[in-house]
Amino acid sequence: MTTFTTALRKLMKLLYKVLSVMLVLLVLAMTVVMFLQITMRTVGLQSFKWSEEVLRYLYIWVVFLGVPTAVYTNDLTRFDLLQTKLNPQLGRVLETIIIVFMLIILYFMGQGSLTLIRVQMRQTMTSLNLPMGVVYLSMPICAAGSALFLLARLFLMWTDQPDLSADNAGSRQAEKENDQ
């Protein structure tokens with residue numbers, strides 16, 4: 001069991017790192033495009049026609065790739081007043097119910113996005129001449145990544161093992177100690 005758990009943790013951490021690198025690259029690309037746009041306007045030249053569209057679509061990707069990373073680090077906003085008052089076993093049952101509801105929502109989101117992608121692959125972006133479906137690809141990636149992290153969290157919770165966010169807690173604690 002510990003071999004499976006170790007492999008699961010490593011796989012989830014790798015997926016988290018891949019998503020994090022993608023997020024950094026997307027934000028960097030947004031920064032470069034925005035800088036070019038501002039520079040062109042400042043020097044009095046005509047700005048790029050495609051920049052607003054690129055920024056909008058990159059932002060959509062950043063938002064949807066940010067969701068699974070927030071699920072991994074357990075940084076989603078939540079009200080846990082009731083859950084903290086319950087005994088640990090009831091708290092675990094409530095957490096399971098919450099995760100199941102989240103998985104159901106992610107399932108419908110993923111299914112709906114696949115339909116959207118099929119339809120939107122025939123339509124092209126105004127200035128980029130790329131299929132609009134490329135923008136909607138972020139939704140099933142978000143749903144699949146979030147679902148994987150939630151299923152891993154569920155497994156770890158019911159096998160009485162530390163949460164995925166505990167893997168990051170050690171690195172966060174080390175960063176705090178280095179800052180002091």
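## The nonpolar core

The largest nonpolar core has 28 residues. Within this core, the residues with the most contacts are M12, L26, L65, Y72, F149, L150 and L164. At least two core residues come from each of the helices α1 (2-42), α2 (51-73), α4 (88-120) and α6 (138-158). The structure described here is a predicted model.

As general background, nonpolar side chains in soluble globular proteins tend to be buried together.

## Contacts of L65

L65 is among the core residues with the most contacts inside the core. When its neighbours within four places in sequence are set aside, L65 is in contact with L19, M22, L23, L26 and I141. One of these partners, L26, is also listed among the core residues with the most contacts.

## The packing of α4 and α6

Helices α4 and α6 both supply residues to the core. Their axes come within 9 Å and cross at roughly 160°. Because angles over 145 degrees count as roughly antiparallel, α4 is roughly antiparallel to α6. The crossing of these two helices is left-handed. The residues that form the contact of α4 with α6 comprise 18 nonpolar, five polar and three charged.

## T96 in helix α4

T96 has its place in helix α4. Is T96 buried or exposed? Its relative accessibility is 17%, and since buried means under 20%, T96 counts as buried. Leaving aside neighbours within four places in sequence, T96 is in contact with L154, M157 and W158.

Note on methods
Residues numbered from 1 in each chain as written. Predicted model: local features only at pLDDT ≥ 70, side-chain atom pairs only at ≥ 80, totals over all residues. Heavy atoms only, no water. Core = buried A, V, L, I, M, F, W, Y, C linked by side-chain atoms within 4.5 Å. Buried < 20%, exposed > 50% of the residue type's maximum accessible area, 1.4 Å probe, protein only. Helix = DSSP H or I, 4+ residues; strand = E, 2+ residues; numbered from the N terminus. Contact = heavy atoms within 4.5 Å. Axes fitted to C-alpha atoms, helices over the stretch in contact; angles between N-to-C directions. Parallel < 35°, antiparallel > 145°, perpendicular 65-115°, else oblique. Left-handed = near helix turned anticlockwise from the far one by under 90°. Nonpolar A, V, L, I, M, F, W, Y, C, P; charged D, E, K, R; others polar.
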